[in-house]
Each structure stands twice: as C-alpha cells, then as structure tokens.
Amino acid sequence: MGDTMSEDYTTLEKIINQDPVFGQLSFNDHEQVVFCNDKDTGLKAIISIHNTVLGPALGGTRMWNYDNEWSALNDALRLSRGMTYKSAITGLNLGGGKAVIIGDSKTQKTPEMMRKFGEFVHSLSGKYITAEDVGMDTVDMDLVREVTPYVTGISENKGGSGNPSPITAYGVFMGMKAAAQFKYGSDVLEDKVVFVEGVGHVGETLVEYLTQEGAKVTIADINRERLEEVSSKYGATIYQGADLHAEPMDIYAPCALGATINDNSITKLQAKIIAGAANNQLADEAKHGMLLQQRGIVYAPDFLINAGGIINVYAELEGYDRSEIMRKTENIYTTTLEILKKATANSTTTHTAALQIAQARIDARRAEHNA
C-alpha cells in the first residue's frame, strides 16, 4: 500500500513539474483550453480560445494525425493565438480560437464524430465558433451545423459561404503582390520564379493566380498524386530536388504546415520574398523575423495575408455579400504595403510591426470595456 502511494506521488510530481498547459511555450495568456473526449466515436479534440476581447473566438478545426498529444496542444495554442491577431489586423470584430482533432481524417473521421464534436462546440455557448481547416471540408461543417449554430463555412446551398480556400488564396496573392511592389517597385509577377510548398486547396488556387499572371511556378508537396494533378492542370514544374529552401527563387510561398522558416532553413534560403498561406511560418517569431530582416528578405506576415478565409466565413455572421468579401480581401494588399513600410521606418521586423497594429486594436477595445 505504501509503495503504491509513493509511486502515485512520484507520478503526480512529474505531472506537476511538466506544467502541461500553462507551462507550454506556446501558452500566451489563453483564456480557455477545453479537452474533448468521446469513447463511442473515438473523438479526441482540443479547443483553444486565446482571446475574446474583440468578439467571439472564431477559428477552424484541424484534423491531423499528430505524433503525440503535446504536439496537438502546441498546435492548438499557436493557431488560436494567430487567429486573434488575424482578426484584429483585418478589422473584424472577432477573437481568436482554434480546434484540433487528433486522428487520420481519411480513415478515422465519421459523421458521428463530427456531430459529437459539434456538441462540445455548442457547450461553449458561442464563445467559440468553428469552421473548416486542414483535414476538414464543408460537408463536415454541415454535420456540425446539425447540432450547433456556432459554425461557419457551411455549404452555400445551406445558406453558408462555402469553402473559404479560394478567398484565402486570393488574399495571399494580394499580399504577395504588395511585397513585390515593396521589394521591386512593381507588383507584376510575370516571369518571377515562385516556389509553392503545399498544393492543397489554397496552394492550388494560388498556383492558378500565379500562372495566370505569367509567373514561373514550381510546386512541392508530400502527396505525389496531388503534385501530378496540379502540374497537369496549370503547367507548374514539380520540384525534384532534395533541398527546396536552397534553390534560387524570387518568392517562397509556404502553404502547408507551419515553422518552415527555422534554424535549418533560414541560412540556406535564397528567396527575396516570403509570402504564403501557412500559419505560424516562423518557428521562432523574434529570432527568425530578425534574421530575415538582416538578410534583406521581405516577409509578408502570415496572419495578415492568409486572412481571406476568415473574411469569407465572417460574411455568414455579418450578412455581407460576395463583392464585400472581395473588397475586404483586396485590402490585404494595402495593409501589407503599410506594414512593410512601417517596419522599415521603425527599424523593426515586419512580424513585430503587424503584431503591434493588431495588439493596439485589442488594447483599445479592452480599454473601452473597462471604462
């Protein structure tokens, strides 16, 4: 009995010393983290609410076969924080949230699991509003909608705004053109060498925009079948090398998972501009943002230029039409140019300049609430 209790205390001590949530490096004064488990459907999910000062926390649900639960938690924390600043800098009255479901979306996702996840979302009474992300689509959101109104990105035939990916891609394209204007004095991308890493829904549409403008596009993805499909469709070159980041290019567009700008890649990177759709592209925001600045590489902050998707789903909450969605997304060009100029004038990184603008809006609203 004594030995068992001793073992229990040792185990408890280890758990306490690990600080599983508040001690995470990605924890940034998040308001709420919800762990969801359902034995019958196999659902294991984490809902992370970072900030609700500007409004309810809106952010997509990602289903991914994470290596472990720590990775899933870290992703939820980082992504939800990014959503806070994405909404703030875009001028939307929304906070930041994100959800992750642990599992293989191709083999483990079921309608029952989606409805059960919807019940957990509903239990938060509108503090968190979900949408689609990696491993999800509008059909999944339609299933969630059966049990809760707190979901966006549902099918257009059900009154929703549909798949947000094309609008996300358009916003990235606008941000990329603004970065080119800043770097080269012209936003024309014809003959520019652009490497697009990740050709999912957003990446493919970005390739389409770039091809239409006459850019020389090279694509990379872990899914060979997808590469062949996109290459055949748009005439893009499939990358055959071993180290994409070391290749000569004008623009690098990371459109898969985050942290591709890291200690390993940043010293080899040959791009003049980084402008892509992936979230959290900088593995270490301060360190890698500064290294990019020192090397003269123009970085268009990810949470700004990939905001087209949230602009699209926000239309469902506010009731504005397609033309207003496009107008707000086109404005990413202007905001990106302003931030790049502000960073240069203040001798700071573009990421910091963008964060300062977003944080100022949140602080102003908080002051109003407290007045």
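Hello everyone, and thanks for coming. Residues are numbered from 1 along each chain as its sequence is written, and side-chain values use heavy atoms, with hydrogens and water left out. Because the model is predicted, local features need pLDDT of at least 70 and side-chain atom pairs count only at pLDDT 80 or more, while totals for chains, interfaces and linings use all residues.

Let's start with the open spaces. The search runs on a 1 Å grid over the protein atoms alone: a pocket is an open set of points with protein on both sides within 12 Å along at least five of seven lines, a cavity is a set where a 1.4 Å probe fits but cannot get out, and lining residues have an atom within 4 Å of a point. Points are joined across faces, edges and corners, and a volume is the space filled by probe spheres set on the points.

How much space lies in the largest pocket? About 1,600 Å³. Its lining has 50 residues, and the closest to the centre are Asp-133, Val-134, Gly-135, Gly-200 and His-201. I'll name helices and strands as we go; they are DSSP runs numbered from the N terminus, with helices being H or I of at least four residues and strands E of at least two. Among the elements that each supply at least two residues to this lining are β4 (61–64), α2 (69–90), α5 (165–184) and α6 (201–213). By residue kind, the lining divides into 20 nonpolar, 16 polar and 14 charged. Here Ala, Val, Leu, Ile, Met, Phe, Trp, Tyr, Cys and Pro count as nonpolar, Asp, Glu, Lys and Arg as charged, and the others, Gly among them, as polar.

Now the second largest pocket, with about 360 Å³ of space. Of its 17 lining residues, Tyr-66, Asn-74, Asp-75, Leu-257 and Gly-258 lie nearest the centre. Both β4 and α2 give two or more residues to this lining, and the largest share, five residues, comes from α2. The division here is eight nonpolar, five polar and four charged.

The volume of the largest cavity is about 90 Å³. It is lined by 13 residues, with Arg-81, Gly-82, Asn-280, Asp-302 and Phe-303 closest to its centre. Helices α2, α9 (302–305) and α12 (350–370) each give two or more residues to the lining. Which element gives the most to it? That is α2, with six residues. The cavity lining splits into five nonpolar, four polar and four charged residues.

On to the aromatic rings. Rings of Phe, Tyr and Trp (its six-membered ring) pair if their centres lie within 6.5 Å; planes under 30 degrees apart count as stacked, over 60 as edge-to-face and the rest as tilted. The count comes to six aromatic pairs. Why is the pair of Phe-173 and Tyr-209 called stacked? Because their ring centres are 5.2 Å apart and their planes are at 15 degrees. Phe-173 lies in helix α5 and Tyr-209 in helix α6, so this pair ties together parts that are 36 residues apart in sequence.

Are these two residues buried or exposed? Buried means under 20% relative accessible area, exposed over 50%, and partly exposed in between (1.4 Å probe, protein chains only). Phe-173 is buried at 6%, and Tyr-209 is partly exposed at 22%. Together with Tyr-170, Phe-173 and Tyr-209 form one aromatic cluster.

Some rings also have a charge over them, which here means NZ of Lys or CZ of Arg within 6 Å of the ring centre and within 35 degrees of the ring normal. The charged end of Lys-192 sits over the ring of Tyr-184, 4.5 Å from its centre. Lys-328 has its charged end over the ring of Tyr-320, at 5.5 Å from the centre.

Finally, a polar contact (a pair of N or O atoms within 3.5 Å; within protein, one must be able to donate a hydrogen and the other to accept it, and residues adjacent in sequence count only if both atoms are side-chain atoms). His-245, in the loop between β9 (237–238) and β10 (251–254), counts as buried at 13% relative accessibility. The side chains of His-245 and Tyr-252 are joined by a polar contact of 3.1 Å.
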